[in-house]
Every structure is written in structure tokens, then in C-alpha cells.
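I set down what I looked up, entry by entry.

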Amino acid sequence: MTSETILRLCSLTVVSAVCLAKNVVLLPPPMSSYIIYHANIGQALIELGHNVSLCVPEYLSNKELVPHKSINIIRYGEYLGDVQAKFLQRVDLRDQFWQGKPQTFLSRFPLIQMFKELINEILSDTKFLAAIQEHNPEFFVVDNFMYIRNILVLPYKMGIPFSLIGSFPDNFLNGIPFNPASEPLVLEYASYNKTFFERVKAVTMSLIFLSYDLFSDADVVSRYAPEKAYMTIRDIALKAEIFIAETDHVLDYPRTSLPNTKLIGGSSVSEAKPLSGEVKRFVEMSSRGVAVVSFGGYNIYIPDHIRSKMATAFQKLNLNVIWKINWTFEQRDKILTLNWIPQNDLLGHPKTRVLVSHCGKNSQYEALYHGVPILCLPMLSDQFYNSKRIFIKGFGQYADIREITSDELARLIQQVADDPKYRSNIQQASTIFRELYKIPSKEAAFWLDHAMKYGGNYMRSSGQQMPLYQFLLLDVMAFLLFIPIVTMFILFVIVKLCCYRFRTLKMKND
């Protein structure tokens, strides 16, 4: 082979790679945890040769949530304010928890309305839409966060293919056949093996979600894409090239799925990097090990008496404690308090014995990835479901931080740290998870790249392309019900005619 031939082949390879590269726009909800995992997936897409832009609200643009300099940032929403603060204030979930009030589905209605208003503002922002157009988008990655569902009108309006990515596979939105008796539903806190009344509740919720989409507006296409044919948000969602869910069968329970729904696990996980500075010094001097205490990226309000109870419990441990909290503790040789901690790197350190957490999605997956048992202290939303799941899987324990005493808290932390069954269970699960999912952000990028190259039609089920009444077999059931009714009616008429004829003949004979 001549040098000229080799040069031509190399040129063709480069041109082919450039042609396959896409301009990808990521649309996460305007909250920090979502932006972090979208950034991880964006970086993995860049490594595959794509150009990636990430939409970040103004109030989070200076928080250094996107460490990857190769990702283009599309800033927007100066008018939105602090969405996470509004989230907590609007529905008072935080206050409801500390006051001991139950968090019901009805309490979420103000939250649904709040996000609809936010998305309406974003879709009306011509400056933001123009900024997206400037990046010449060829593919959208839209988050499947149920409260921002109206944003799906954007790729539909622009006529650009898209995928959906979210924390769980949404059976109702994705058109996945499922059995509510055996599978967990969105916002459901039932046990793994559901009781009779839990199954009744699950079926009722399923019927509501199937018949009415609480999270989108019926007129959103008419308002923001009047030039397009009318479709509901559910109809648009079913046009996604691929559905990616940040869950799996290792941490979560087994679920029914379809070929175009890919489970990847938690994309926030990665190999641990070496510790540095004060955190490194503290861990190295902790001869008996470390307990990591964190309640997520957003500083959750903790009342003074609860904070004091937790500090008292931590002092009773034979472990040192690294606590992510905006509070200064005097005994820094025993308890190191910081406003931010490198949680993933700490969980990957061999001296970390236990994670004390609210049991959010990212925290769970980082603990699973590094094989660290968890004590869950849930406060909001899906954290209660997550906590019960951790207990059922044997990866740790859970407790109510409002009711538990400092002695009981210290005993539970020590139990989870010392009992070999918890570490053994989660380390075995970690091995399975790593073998199946490798690096989840790269797994997500692989499937997004695949959908960009080949499209998703070959994976799409016919059930995702038919009307709801056909999908639920309502027409078949009506037909099958109609046949015996008609048959019985015909038999009734025949019998009645026979009886009438018999009476008529009898009267004539008499």
C-alpha cells in the first residue's frame, strides 16, 4: 500500500468522523443535581466526537457544576430566580416533614403548577430560543423529569430528533406494558411485595395516570408551535429515538422494559480521585475509619435540635465523621464539617465505612458503585421509596431522624458500619453493577450516539404507535363483551318468539 493510498484512507476516516459528529443540546431541569449528571453524559458524548451544549439557568451558572471546559454553556433564565428555593417554599415539603405532616400526592399539585409556570416562561424566552438555534442543534437530550414535560414542545417545534433521559422508566409516558400489582409506580412508596390494599391503590393510580396527564398542558402545542400539527405531549414523547433511565435491576427492583428503553444505572458515579487538602489529612489520621454524612448537593435545612442530636450521636462513634453541612463544629479532630465535600472520592476511599444520607439518587449510586453500606435518613419525595429499597436489598438501614434518639442513631450508624452482612451485600451488588454497566455516563453516551447514527425506529414497539384505547385493548374487550350480549339478546328474542308462538297455537287449539 503506497503512502498516497494511506493518506487518502486517513482523510476519509477523518471526514467520516466529522460527518457523524452531531451538535447535541442537553435540556436538564433547572436544578443542580440534574445539571451535574447531564454534564457527565455530555462529557462522554464529547469523547465520542460530538459537540455538546448544556442549558444552565443563570442562578446556577457560577456554581461550577460543569467542570468540563469543552461543554458549551447556554445560559438562560435570569427571571427564574432560585428554582430550588422556590421548590421548597412553594410546597413546604421541608416544613411538612419537620412538622410531621404526611407528604401525599395531593401536596404536589402546587409544585406541578409552579413548574408549568416556569416552563411557560422558558418557552416564551425568545433570547434563549435564539441562543439554542445559534448552536445549530441536530439532536436534543431532554430530561424525563415529570414536572417539566411541557418542554418537549421545543424539539417538536424545531423539527429536531430527541431522546428522553430520566431517573426512572416512565411506563405511562414511554408506552411500556406493565403490571401495577408487581412493579413500583412513580411516587409510590409501597412495599416490594404489595398488600391487597397497596395493589388496589396502585391500580387506581395507574388508571388516573393512563387517562389523564397531570404534568402537561393540553394546549401547549397550540400555544408554542401553532404552525405544527396538533399533538399531545404524550404523543410527542413517544417519538423519542430512545429512552434512557438512570436505574437498573441491581439497586432497583426488576421492571418490565422495551428494546428502546435502556437502563444505565446512576450516571453520577465514577472512579474515585485521590483526596487532597484538609479532607485528605483528616481521613489519613482516622485510624478506625470514617463515616461520611451528606444530605445532597443542596443544603437542606436541619433544625437546631436535630443538628445537635446528630452531633451528639457522632461523638459516640468509634469512627471519625466528615459532615457536609453549613455549620462549624469545634472538635475538628473528631467531626469535620464542610460546606462541600468530594463525596464520590470519599466513598471510594478504603477508610470510608458507612454513608449517612438522605438517600437521594446520586448518593445511592455512588455508595453502590464503591460498595459502601448506607444508613438512610429520608426527608423528601422519592427518598422514602429509596430508603425502604436499601433495607429490603440488605444494603443498610433506614430511620426517621425526627423520632430517633442520639443513642439510637449512634447505634444504627455503628451497626451498619460494623455488621459484615451489609458490606458483603452491597459489595457483591457493586461487583454485579460494575460488570453490567461499567461507567453509566459512557453507557448513556453509547446509546445516544447509536440513536443519532441509526435512529430508534427499529427498536420501537407497535404499542408505542397506537392510540391508548388500542394499547389497553378497550376495543377488543368491548367487542368480546358485545358478542355475548348480542348472542344473549338474540336468544332472548328467539325464546320470546317461540313462547309467543306456542301460546298462540295453544289458544287456537283451545
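**Entry 1: His50**

I began with His50, which sits in the loop between helix 2 (32-47) and strand 2 (51-57). I note that the model is a predicted one. Is His50 buried or exposed? I found a relative accessibility of 4%. Buried means under 20% relative accessible area, so His50 counts as buried.

I then looked up what His50 touches, leaving aside residues up to four places away in sequence. The contacts are Leu20, Ala21, Lys22, Val24, Leu45, Asp449 and Met452. For Lys22 I also recorded a polar approach: its backbone nitrogen lies 3.0 Å from a polar atom of the His50 side chain.

**Entry 2: the whole protein**

I turned next to the overall figures. The protein has 510 residues, of which 53% count as buried. I recorded 21 helices and 13 strands as its secondary structure. The C-alpha trace spans about 115 × 75 × 50 Å along its principal axes. Among contacts with a separation of 6 or more, 68% are accounted for by residues 24 or more positions apart.

**Entry 3: positive phi at two residues**

For Glu64 the phi is about 55 degrees; for Cys359 it is about 75 degrees. Where does each residue lie? Glu64 is in the loop between strand 2 and strand 3 (72-76). Cys359 is in the loop between strand 11 and helix 15.

I checked accessibility for both. Glu64 has a relative accessible area of 72% and is therefore exposed. Cys359, with a relative accessible area of 1%, is buried.

**Entry 4: helix 15 against helix 18**

Helix 15 (residues 361-370) meets helix 18 (residues 420-437) at an angle of about 95 degrees, and their axes are 7 Å apart. An angle of 65 to 115 degrees counts as roughly perpendicular, so helix 15 is roughly perpendicular to helix 18.

Which residues make the contact? From helix 15 I listed Tyr365, Ala367, Leu368, Tyr369 and His370. From helix 18 I listed Ile426, Ala429, Ser430, Phe433 and Arg434. By class, the residues of this contact divide into seven nonpolar, two polar and one charged.

**Entry 5: helix 17**

I tested the length of helix 17 (residues 406-418) against expectation. At 1.5 Å a residue, its 13 residues should span 18 Å, and the end C-alpha atoms are 18 Å apart, so the two values agree.

I then listed the buried residues of helix 17: Ser406, Leu409, Ala410, Leu412, Ile413, Gln414, Val416 and Ala417. For background I noted that an α-helix has 3.6 residues a turn, so residues three or four places apart point the same way.

What covers the buried residues of helix 17? The cover includes helix 13 (304-315), strand 11 (352-357), strand 12 (374-376), strand 13 (396-398) and helix 18. Helix 18 is also the partner of helix 15 in the packing recorded above.

**Entry 6: Val203**

My last entry concerns Val203 in helix 9 (residues 196-211). Its relative accessibility is 38%, so Val203 counts as partly exposed.

Note on methods
Residues are numbered from 1 along each chain as its sequence is written. This is a predicted model: local features need pLDDT of at least 70, side-chain atom pairs count only at pLDDT 80 or more; totals for chains, interfaces and linings use all residues. Side-chain values use heavy atoms; hydrogens and water are left out. Axes are lines fitted to C-alpha atoms, for helices over the stretch in contact, and angles run from 0 to 180 degrees between N-to-C directions. Helices (H or I, at least four residues) and strands (E, at least two) are DSSP runs, numbered from the N terminus. Angles under 35 degrees count as roughly parallel, over 145 as roughly antiparallel, 65 to 115 as roughly perpendicular and the rest as oblique. Contact means heavy atoms within 4.5 Å. Ala, Val, Leu, Ile, Met, Phe, Trp, Tyr, Cys and Pro count as nonpolar, Asp, Glu, Lys and Arg as charged, and the others, Gly among them, as polar. The expected span of a helix is 1.5 Å times one less than its number of residues. Buried means under 20% relative accessible area, exposed over 50%, partly exposed in between (1.4 Å probe, protein chains only). A polar contact is a pair of N or O atoms within 3.5 Å; within protein, one must be able to donate a hydrogen and the other to accept it, and residues adjacent in sequence count only if both atoms are side-chain atoms.
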